[in-house]
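Hi everyone, thanks for coming. Let me bring up the model on the screen, and then I'll walk you through a few places in it.

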Amino acid sequence: MNSWINLNALWKIVVVGLLTGAGLPALFAIGLRLLTPPAPPTPAGQAAAQRPTVGPIAYALAGLCFAVVLAAIGWGISVIVNHS
Amino acid sequence: MTGNDAVLALVVVTALGFDFTNGFHDTGNAMATSIVTGALPPRVAVGVSAVLNLAGAFLSTAVAATIASGLVNSHDVTLTVVFAGLTGSILWNLATWFLGIPSSSSHALIGGVVGATMAAAGSSAVKWQGLVSKVIVPAALSPFIAGAIATVGTYLVYRLTRDVSERTRGHGFRIGQVGSASMVSLAHGTNDAQKTMGVITLALIANGTLHTGAKSPTWVIASCAVAIALGTYIGGWRVIRALGKGLVEIEPPQGMASESASAAVILSSTDFGYSLSTTHVATGSILGAGVGKKDGEVRWHIARRMVVAWLLTLPAAALVGALAYWAAHGIGGTGGVVVIFVVLVLASVAFFLASRHPAVTPENVNAAWTGSVHPAPDSQEVAS
């Protein structure tokens with residue numbers, strides 16, 4: 001860490017940014033995926049047979065995904081507020 | 001004394017004017033992607049963004065006044081310097097908005113103030129190391145970091161939802177988009193409204209109204225919050241269109257990924273003490289979202305145009321700021337400031353009038369991209 005560029009802060013921003021900026025949309029995508037039965041018209045065949053309908057476990061897991069996303073938003077707001 | 005108070009009043013009005021341009025110049029950073037995917041109707045989007053900017057401005061006032069203190073020697077800052085700096089930043093903001101280029105309002109402000117300070121007190125009054133480490137290095141890195149995060153996010157999101165039907169996916173991600181864009185708006189209100197608060201506070205200190213190290217008075221916080229919210233509500237439709245339609249054709253999953261990346265980078269770097277340009281981050285994220293999608297189309301020539309404008313922002317705003325200072329100082333006293341103020345108002349009116357022909361409005365902001373900021377004129381709206 002020198003006075004022209006703060007590498008210490010930089011890598012933290014990259015890591016936190018990746019976890020929240022890319023991780024949360026991915027989690028949201030997983031939640032959405034869990035709530036959606038595989039599209040019937042696509043004869044993809046590979047993973048489609050796994051889960052023909054949405055079961056209670058899928059619902060619970062999807063709920064967990066969305067809850068984590070919401071919690072992260074709460075964390076974001078608290079970052080703004082506590083920065084004072 | 002009355003002369004000084006008149007100058008102070010003009011400085012405050014000009015600063016609020018800058019805050020207003022900051023609002024509409026940056027609406028697109030948060031809302032462009034939500035508007036083009038239809039997640040929110042255009043007017044609702046700018047309304048939501050305005051309310052969140054207003055709220056954000058009140059949430060935290062920690063970095064107010066840091067904008068100038070770390071970059072220029074504050075004892076070289078006079079009211080005329082602040083005024084000339086603001087003139088430079090407003091004119092550059094209006095010019096880039098007119099061209100539909102999302103350039104950084106923060107850089108325009110910093111450039112204007114630095115240029116005016118240099119004109120007043122020479123280049124030794126500028127803290128070059130602070131300028132490089134706090135402004136230039138973060139500005140150079142942030143679009144790449146945000147872009148990389150958005151690329152990863154977009155790739156993951158499409159990969160994970162590849163067997164979800166287009167309709168369900170679009171519906172789900174539009175909801176997610178609204179949430180992530182709202183976070184960007186809130187962060188923008190916090191970051192950018194504070195910069196104007198800092199400038200007004202600096203002017204009050206320079207005038208002796210406030211003692212050195214004072215906090216922003218409540219009326220300053222409130223008026224800055226209102227100015228940025230009003231500006232946001234007016235909506236910089238030209239910039240919104242350039243960002244949302246020109247750069248990349250955005251789909252809801254890309255929109256959510258890019259706004260999440262923007263929010264994550266802005267908030268985490270705020271937490272580590274960096275005040276980044278929302279514009280650079282948002283543009284980087286949108287580009288990243290275009291790269292991350294398998295057959296996504298990115299119009300690199302438009303991105304290149306934007307980057308050129310980013311590189312020009314600091315020196316150009318500095319030059320206008322310096323010219324404004326020399327002019328105001330040359331004429332001298334209150335009269336000089338009044339003359340520049342009148343020129344600034346006339347120039348702003350001219351930009352506004354020029355932007356009407358042809359205008360970019362909430363109604364045509366989503367029209368197909370035909371290579372220019374303003375949509376191809378329909379048969380009915382040739383000249384109004």
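Let me start with a term: buried area is the accessible area, taken with a 1.4 Å probe, that two parts lose on being put together, summed over both. By that definition, chain A and chain B bury about 3,300 Å² between them, with 80% of it on carbon and sulfur atoms.

Before going on, some housekeeping. This is a predicted model, where local features need pLDDT of at least 70 and side-chain atom pairs count only at pLDDT 80 or more, while totals for chains, interfaces and linings use all residues. Residues are numbered from 1 along each chain as its sequence is written, chains are lettered from A and ligands numbered from 1 in the order in which they are written, and side-chain values use heavy atoms, with hydrogens and water left out.

Back to the interface. Here 33 residues of chain A are in contact (heavy atoms within 4.5 Å) with 43 residues of chain B. On the chain A side, the elements giving two or more residues are helix H1 (7-35) and helix H2 (56-82); helices here are DSSP runs of H or I, at least four residues, numbered from the N terminus. H1(A) provides the largest share, 18 residues.

Now into chain B. The largest nonpolar core has 99 residues, and Val11(B), Val82(B), Leu86(B) and Leu247(B) touch the most other members. Such a core is a set of buried Ala, Val, Leu, Ile, Met, Phe, Trp, Tyr and Cys residues joined through side-chain atoms within 4.5 Å; buried means under 20% relative accessible area, with a 1.4 Å probe and protein chains only. Helix H1 of chain B, residues 2-37, gives the most to this core, with 13 residues.

Leu247(B) also belongs to helix H9 of chain B. Beyond its sequence neighbours within four places, Leu247(B) contacts residues including Ile286(B), Leu287(B) and Met306(B).

Finally, His25(B) sits in helix H1 of chain B. Is His25(B) buried or exposed? Buried, with a relative accessible area of 0%. Its side chain reaches the backbone oxygen of Asn93(B) at 3.2 Å. Among the other residues that His25(B) touches are Trp97(B), Pro102(B) and Val239(B), and Val239(B) is itself one of the buried residues of H9(B).

Methods. Buried < 20%, exposed > 50% of the residue type's maximum accessible area, 1.4 Å probe, protein only. Polar contact = N/O pair within 3.5 Å; in protein donor to acceptor, adjacent residues only side chain to side chain.
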